Amino acid sequence: MTVNVQELVIGILGGTGDQGRGLANRFARAGHRVIIGSRSEERARAAAQELAGSGGPVDGMTNADASRSADVVIAAIPWEGHAELLASLAAELAGKVVIDCVNPLGFDAKGAYPLPVPEGSAAQQAAAVLPDSTVVGAFHHVSAKLLLDAGVDTIDMDVLVLGDDREATDLVQALAARIPGVRGVYAGRLRNAGQVEALTANLVSVNRRYKAHAGLRVTDI
Ligand SMILES: NC(=O)c1ccc[n+]([C@@H]2O[C@H](COP(=O)([O-])OP(=O)(O)OC[C@H]3O[C@@H](n4cnc5c(N)ncnc54)[C@H](OP(=O)(O)O)[C@@H]3O)[C@@H](O)[C@H]2O)c1
């Protein structure tokens, strides 16, 4: 089956947060219909209203309705509540590609550090609680600040895309490329998502030292 990436409707769980609104903003600017999901329909609608007029139509719905109505769903929720929310949406997300950008990180006086995850990574945890979905890890390193900054037209970075299904990782690479400046790069199977999620702690350190919004570029490809 050939998928026209431009026509994909993108749902975002926890789309009221910084990362969710940031991704919604970029995909709406690229012309996609975007559905902001939330535990509260009211909060979802308010967030959608804020982004109205940025490009493609933006709607706000409960997480369950957003899951049902979208072609591809991004989980942009905090690590706390990740397993619980996704497990509660297993039926709505069945048969769909679910993109997980969740970084299980802790923060203390020394900065950010990766939390241990029994399943190996947030993405693997998502796959465990969503047996009928195709989980892909991506967008872990994209700064919400850049995504939300109306003055930033191009985001200069590679998005590492991880998953066990070639069609799904190809699709998510193509979706990443809908954001000007971004390239989606395949970076391995889901079992290798843990390092990519944990690497975000290093990028947080880079950002703090250099007052930056650092991203990665993979060379020679
Ligand atoms: N911020 C970044 O720069 C960035 C970059 C890359 C990746 N990420 C990842 O993206 C995810 C979201 O980050 P964020 O900064 O946008 O987080 P956030 O603002 O703290 O949370 C996003 C949304 O998730 C919902 N939520 C909060 N607690 C929840 C729970 N226990 N169960 C279900 N939903 C809950 C809330 O929406 P409602 O109350 O409306 O339901 C909230 O607005 C994180 O896992 C983070 O690691 C963030």
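The paragraphs below go through a predicted model, taking some helices, a strand, a pocket and a cavity in turn.

Residues are numbered from 1 along each chain as its sequence is written. In this predicted model, local features need pLDDT of at least 70 and side-chain atom pairs count only at pLDDT 80 or more, while totals for chains, interfaces and linings use all residues; side-chain values use heavy atoms, with hydrogens and water left out.

Helix H9 covers residues 193-210. Helices and strands are DSSP runs numbered from the N terminus (helices H or I, at least four residues; strands E, at least two). The expected span of a helix is 1.5 Å times one less than its number of residues. For the 18 residues of H9 that gives 26 Å, and the end C-alpha atoms are 26 Å apart, which agrees. The buried residues of H9 are Ala193, Gly194, Val196, Glu197, Thr200, Ala201, Leu203 and Val204. Buried means under 20% relative accessible area, exposed over 50%, and partly exposed in between (1.4 Å probe, protein chains only). Strand E6 (105-108), strand E7 (111-114), helix H6 (122-129) and strand E9 (157-163) are among the elements that cover these buried residues. Arginine 209 also belongs to H9, but it counts as exposed because its relative accessibility is 65%. After H9 comes lysine 211, with a positive phi near 50°.

Helix H2 (residues 41-51) has Ala44, Ala47, Ala48 and Leu51 buried. These four cover an arc of only 100° around the axis, so they are on the same side of H2. The arc is taken from the directions that run from the helix axis to the C-beta atoms. An α-helix has 3.6 residues a turn, so residues three or four places apart point the same way. On the other side of H2, Glu42, Gln49 and Glu50 are exposed. The cover over the buried residues of H2 includes helix H1 (18-29), strand E2 (34-38) and strand E3 (58-62). Just after H2, glycine 53 has a positive phi of about 90°.

Serine 38 lies in strand E2 and is buried, as its relative accessible area is 3%. Its side chain reaches the backbone nitrogen of serine 40 at 2.8 Å. Not counting residues up to four places away in sequence, serine 38 touches Thr16, Arg43, Ala44, Met61, Thr62 and Asn63, where contact means heavy atoms within 4.5 Å. Glycine 22 lies in helix H1 and counts as buried because its relative accessibility is 0%. Beyond its neighbours within four places in sequence, glycine 22 is in contact with Leu147 and Leu148.

Histidine 82 is found in helix H4 (residues 82-88). Its relative accessible area is 0%, so histidine 82 is buried. Its side chain makes a polar contact with the side chain of glutamine 125 at 2.5 Å. A polar contact is a pair of N or O atoms within 3.5 Å; within protein, one must be able to donate a hydrogen and the other to accept it, and residues adjacent in sequence count only if both atoms are side-chain atoms. Leaving aside neighbours within four places in sequence, the contacts of histidine 82 are Ile77, Asp100, Val102, Ala122, Gln125 and Ala126.

On a 1 Å grid over the protein atoms alone, a cavity is a set of points where a 1.4 Å probe fits but cannot get out, and a pocket is an open set with protein on both sides within 12 Å along at least five of seven lines; lining residues have an atom within 4 Å of a point. Grid points are joined across faces, edges and corners, and a volume is the space filled by probe spheres set on the points. The largest pocket holds about 830 Å³. Its lining has 29 residues, of which Gln19, Asn103, Val142, Ala144 and Thr200 lie nearest its centre. H9 gives the largest share of this lining, five residues. The structure holds one cavity of 30 Å³ or more, and the largest cavity has about 50 Å³ of space. Among the residues that line the largest cavity are His140, Val142, Leu160 and Val196, and E9 supplies the largest share, three residues.
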